[in-house]
Amino acid sequence: MLHFKNNIEILLFIIELFGCVSFATSGAIKAIRKNADYLGVLILTLIETFGGGLLRDLIINQYPPKIFWHNEYLVLALFSFIVATFWFLVGYFNKTASIIDSHRHDLWIYLLDAFGIAVFCIYGVQAANASLNEVPLKDASVLGSYIYIISLGVITGVGGGMFRDVFVGEIPMVFRKHFYITPCIIGTTVYAILFKLNVGSLLSIFVGTSIIVLLRTFAVIFKWNLPTAKGYINLKKNVEKSTNI
């Protein structure tokens, strides 16, 4: 049974469900595009949905991690299973499903991903705050506590996507494309500050989530990227030299 202390916790769980569906959809479609079988689609979906939370729990020494025993995560896992199965069936029975085969719909997938990371970043900040209350860091400075909760919030949001990209053999998007991790840092920082100032919970959640979603959306639409090095290494040429030695 799920137990909620107040209406705010119920609202947060509903928002988390939407974030779970967003991540599950993004992970399933990525797996299908990589020609994964059903088990591969399911595993990659679960990895994207819960990878960040698992890493966060390991960092804060939450043992066993909540995803293995907390009823809330069992419900989220069920939703992820349903979403993964749905998209696999779409790809299996309709080989030309445009939403999976064509990159014309990437914007829609990016928007789902943006909402997912926003929700899980905010949830990660709350989990980090709870861990601070359970095990007070007496020697931690105010700045140190902010860095702690912001870092765990960002890890919760982007960790699953990083694991997913690594498992499908890609450089994680967080390191290379569309202003990815920066909106998470900005949004979680604003939310953490509002949370510490005891601003209304709903307002804090709305502001933090909106910042992440809007910045990610604008980054995708207008193709915002952080600067990269202009030079490059000619890997092909270097390989040819090494084979001649």
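## Getting oriented

Helices (H or I, at least four residues) and strands (E, at least two) are DSSP runs, numbered from the N terminus. One loop to visit with that in mind is the one between helix H2 (38-59) and H3, where Pro 64 is found.

This is a predicted model, in which local features need pLDDT of at least 70, side-chain atom pairs count only at pLDDT 80 or more, and totals for chains, interfaces and linings use all residues. Residues are numbered from 1 along each chain as its sequence is written, and side-chain values use heavy atoms, with hydrogens and water left out.

Most residues other than glycine have a negative phi, and most peptide bonds are trans. Tyr 63 and Pro 64, however, are joined by a cis peptide bond with omega of about -10 degrees. Asn 35 is not a glycine, yet has a positive phi of about 65 degrees; this residue sits in the loop between H1 and H2.

## A pair of packed helices

Helix H7 (residues 181-196) packs with helix H8 (residues 201-221) at an angle of about 170 degrees, and their axes are 8 Å apart. (Axes are lines fitted to C-alpha atoms, for helices over the stretch in contact, and angles run from 0 to 180 degrees between N-to-C directions.) H7 is therefore roughly antiparallel to H8, a label for angles over 145 degrees.

Contact means heavy atoms within 4.5 Å. Residues making the contact include Pro 183, Tyr 191 and Phe 195 of H7, and Ile 205, Ile 211 and Arg 216 of H8. By class, the contact of H7 with H8 has 12 nonpolar, 4 polar and 1 charged residues. Here Ala, Val, Leu, Ile, Met, Phe, Trp, Tyr, Cys and Pro count as nonpolar, Asp, Glu, Lys and Arg as charged, and the others, Gly among them, as polar.

## A stacked pair of rings

The structure holds 10 aromatic pairs. In one, the rings of Phe 88 and Tyr 92 have centres 6.0 Å apart and planes at 20 degrees, so the pair is stacked. Rings of Phe, Tyr and Trp (its six-membered ring) pair if their centres lie within 6.5 Å, and planes under 30 degrees apart count as stacked. Phe 88 and Tyr 92 are 4 residues apart in helix H3 (residues 71-93), which means that about one helical turn separates them.

Definitions and conventions. Parallel < 35°, antiparallel > 145°, perpendicular 65-115°, else oblique. Phe/Tyr/Trp six-rings, centres within 6.5 Å; stacked < 30°, edge-to-face > 60°.
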